[in-house]
Amino acid sequence: QVLRAELSRLIVHDLKNPLTVITSGLNLLAHGNFHSSPETQKRLIKQLESAGDKVLGLIDDLLDVERMEANEFELALESINTAVLLQERIEAYQILATTHKQSLRLEMPKQLPALHGDSELLSRVIDNLLVNALKYTPEDGDVLVSVFVNPDDLTICVDDTGPGIPVEERETIFEKFSQVKGAERRGAGLGLTFCKMVVGAHQGQVKAADSPLGGARFE
């Protein structure tokens, strides 16, 4: 019960920030106090959309983790174009990276095998890892997504130049009630729990390691 109370507190904390952005922006628009240029207004709308997506993502992660734990989740399996999937996810976060003066790159072989899996869930796994990497990477930092093809498997790595993850935390960080000690990487941990469960449902595995870039690597 103590762990559940802590999780609830963290979820409320993670929801409060984007909801504050949404309510503040809507107040500006509703009371006619926003007389800036159309371009600035467009940026505000984008920020509101992004904050709304963050709230929905947190809720989806929580609900899906609960459903997977109860074995009430079925994969919608299909053949997925791996290159297209990764390119689309990278493109979706380029604006966010540019806003914070971060470099977001994708390196992969010209020929990639298709994935057999649930494209929506796998897209959300990549989204979670990208959001984490961009969140903890400082301005002018780098986030690199790379793909390695082996005879028996395919490995996707997300590297960043953030603070990294202590060795003793690299197993527990994927647990539902876990968070990295200290202020460097902190949160409810549901995103990583979701990633582990989805990848596991696809007979794969996800782990944290040191990145060649100096930060954290999720692969």
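Predicted model: local features only at pLDDT ≥ 70, side-chain atom pairs only at ≥ 80, totals over all residues.
Helix α6, formed by residues 190-201, packs against helix α2, formed by residues 38-69, at an angle of about 40° and with the two axes 9 Å apart. Because angles under 35 degrees are classed as roughly parallel and those of 65 to 115 as roughly perpendicular, α2 is oblique to α6. The crossing of this pair is left-handed. On the α2 side, the contact is made by Asp61, Leu62, Asp64, Val65, Met68 and Glu69. Helix α6 contributes Leu190, Gly191, Thr193, Phe194, Met197 and Val198. By class, seven of the residues in the contact of α2 with α6 are nonpolar, two are polar and three are charged.

Helix α6 also packs against helix α5, which spans residues 119-136. Here the angle is about 145°, and the axes lie 9 Å apart. The crossing of α5 and α6 is left-handed. Residues of α5 in this contact are Leu121, Leu122, Arg124, Val125, Asn128, Leu129 and Asn132. Their counterparts in α6 are Gly191, Leu192, Phe194, Cys195, Val198 and Val199. This contact comprises nine nonpolar residues, three polar residues and one charged residue. Gly191, Phe194 and Val198 of α6 are listed in the contact with α2 and in that with α5.

Cys195, one of the α6 residues in contact with α5, is buried, as its relative accessible area of 0% falls under the 20% cut-off. Cys157 is likewise buried, with a relative accessibility of 2%. With a disulfide taken as a pair of cysteine sulfur atoms within 2.5 Å, the count of disulfides in the model is zero.

Arg89 belongs to helix α3, which covers residues 82-92. Its relative accessible area is 19%, and Arg89 therefore counts as buried, the limit being under 20%. When residues up to four places away in sequence are left aside, Arg89 touches Ser123, Ile126, Asp127 and Leu130. Glu74, by comparison, is located in the loop between α2 and β1, the latter comprising residues 78-80. At 71% relative accessibility, Glu74 is exposed, because this value is over 50%. Although Glu74 and Asp118 are separated by 44 residues in sequence, their C-alpha atoms are 9.3 Å apart in space.

Technical notes. Residues numbered from 1 in each chain as written. Heavy atoms only, no water. Axes fitted to C-alpha atoms, helices over the stretch in contact; angles between N-to-C directions. Helix = DSSP H or I, 4+ residues; strand = E, 2+ residues; numbered from the N terminus. Parallel < 35°, antiparallel > 145°, perpendicular 65-115°, else oblique. Left-handed = near helix turned anticlockwise from the far one by under 90°. Contact = heavy atoms within 4.5 Å. Nonpolar A, V, L, I, M, F, W, Y, C, P; charged D, E, K, R; others polar. Buried < 20%, exposed > 50% of the residue type's maximum accessible area, 1.4 Å probe, protein only.
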